[in-house]
Amino acid sequence: MFFYYMKSLLITGGAGFIGSHVVRRMVNNYPEYKIYNLDKLTYAGNLENLKDIEAKPNYEFIKGDIQDFDFVNKIFQDKNLDGVIHLAAESHVDRSITNPLEFVMTNVVGTVNLLNAAKNHWGIDLSDKRFYHVSTDEVYGALGEVGLFTEDTKYDPHSPYSASKASSDHFVRAYYDTYGLPVVISNCSNNYGSHHFPEKLIPLCIHNIKNNKPLPIYGDGKYTRDWLFVEDHARAIDDVFHKGKLGETYNIGGFNEWQNIDLVKLLCDVMDEKLGQEVGTSQKLITFVKDRPGHDLRYAIDASKIESELGWRPSVNFEQGLEKTVAWYLANDEWLNNVTSGNYQDYYSKQYQSS
Ligand code: NAD
Ligand code: DAU
């Protein structure tokens, strides 16, 4: 199996949840690479996530917006990039329902800007170049009670978020087919772990339990997601980037399906134990609220291709991962307080106001 080595690697969205885990892993594991983290620092981007590696000699942060082509193009010229791992995105389904255009601008236009800059800069000698686009299982739409998403599942996105990610995936493939740009794509299931912004189900519930606030469950709570510990996703990204075949797609999943209501009950029990409360205390906060429009019933990934071709499998089981995640949030009050002050309060009251 071929292993690509890069000299100058751009990671976009590296100040976000998954991006920060990817940056940390790459900076620590590949000291011979120069790693540039390009991030706009939206509400979801936070340089506190990278305090432990920010002084490393092979790391540099660049603040900027992938919606700005001239800026992106200049980075390619100045830094002589030979690899890209593209994670920058608007990532929250609920926000995409209130502001779809921002998702088009970052997720579609931003991705095409990066593809164009790579095409301009890399020219015809593409032998040691790689453009890796990190995507989501939501592009495949919703499953019924049985079945799994494979790499051949037809795209059928339902939310503005998943439609924008599907569109960006199509552009990435089009640049492979049309210009021979050396691309690889992965589509991953729901991640959880440290540094996850508390607008998403798991960190939102952890934050609310800490503050004795209701735990909002959309609809009947029977919606199902396949959860993967974020450090396992970062390892999969490392594997796909270095060993994945050009032009291919790899599905990444946790082999770990949970209905939302069961997941939140388990989380409540872990929180009660960690907080030294009687088991059952946090479950009393569970509140059923109005459903998300266009809510996909079930996602579940068949990750057998990445397992058989690249030898990747999740290493952390859900109970271990959840326990590590809760421990991190309880030990990092300051991080949670910082990200939930100011604009977060406005977002929260608008999102949950009529629930
Ligand atoms: P996140 O929202 O936590 O982080 C996104 C990062 O992108 C932030 O640091 C933000 O500042 C940056 N960003 C946003 N717009 C930008 C712009 N215009 N220019 C430059 N930077 C910009 O997201 P995440 O959950 O870490 O997801 C990262 C990627 O992984 C996304 O592409 C997402 O679609 C994909 N993904 C996420 C999950 C998941 O469960 N979170 C699962 C599968 C795939
Ligand atoms: O599947 C991968 C996707 O997972 C990623 O592409 C997205 O970027 C990421 O945000 C995540 O999307 P989801 O919509 O599945 O994640 P979220 O945490 O928002 O919701 C998980 C489930 O919980 C979903 O069925 C909606 C439900 N939910 C969510 C929130 C925020 C609730 O019931 N109540 C809530 O308050």
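Predicted model: local features only at pLDDT ≥ 70, side-chain atom pairs only at ≥ 80, totals over all residues.
Is aspartate 239 buried or exposed in this structure? With a relative accessibility of 13%, aspartate 239 counts as buried, where buried means under 20% relative accessible area, exposed means over 50%, and partly exposed lies in between (1.4 Å probe, protein chains only). Residues are numbered from 1 along each chain as its sequence is written, chains are lettered from A and ligands numbered from 1 in the order in which they are written, and side-chain values use heavy atoms, with hydrogens and water left out.

Aspartate 239 is the partner of lysine 243 in a salt bridge, with 3.6 Å between the closest N and O atoms; the term stands for a side-chain nitrogen of Lys or Arg within 4 Å of a carboxyl oxygen of Asp or Glu. Both residues belong to helix α7 (residues 230–243), where they are four residues apart, about one turn of the helix; helices (H or I, at least four residues) and strands (E, at least two) are DSSP runs, numbered from the N terminus. Lysine 243 counts as partly exposed because its relative accessibility is 22%.

Side chains of opposite charge can pair when their charged atoms come close. Across the whole structure, a search finds 21 salt bridges. In one of them, glutamate 307 and arginine 313 meet at 2.9 Å, N to O, and here glutamate 307 is partly exposed at 28% relative accessibility, as is arginine 313 at 40%. Salt bridges with shared partners also join Lys34, Glu60 and Lys79 into one network. Lysine 200 and glutamate 199 form a further salt bridge, their closest N and O atoms being 3.5 Å apart, and both of these residues are buried.

Arginine 95 counts as buried because its relative accessible area is 17%. Leaving aside residues up to four places away in sequence, arginine 95 touches Tyr43, Phe103, Phe197, Glu199 and Tyr347, a contact being heavy atoms within 4.5 Å.

Leucine 181 sits in the loop between α5 and β6 (183–188), and it is buried, with a relative accessible area of 2%. Its C-alpha atom is separated by 7.3 Å from that of leucine 126, although the two residues are 55 apart along the chain. Not counting residues up to four places away in sequence, the residues that leucine 181 touches include Leu115, Trp122, Leu126, Phe131 and Tyr176.

The last stop is ligand 1, around which there are 28 residues, with Ile18, Asp39, Ser91, Tyr161 and Lys165 coming nearest; a residue is near a molecule if one of its heavy atoms lies within 4 Å of it. A polar side-chain atom of tyrosine 161 lies 2.7 Å from an oxygen atom of ligand 1, and a polar side-chain atom of lysine 165 likewise lies 2.7 Å from an oxygen atom of the ligand. Taken alone, ligand 1 exposes 840 Å², of which the protein buries 97%. The elements that give two or more residues to the shell are α1 (17–29), β5 (130–136), α5 (160–179) and β7 (190–192), and the largest share, three residues, comes from β5.

Terms used: Polar contact = N/O pair within 3.5 Å; in protein donor to acceptor, adjacent residues only side chain to side chain. Areas by Shrake-Rupley, 256 points an atom, 1.4 Å probe, with all protein chains shown as cover.
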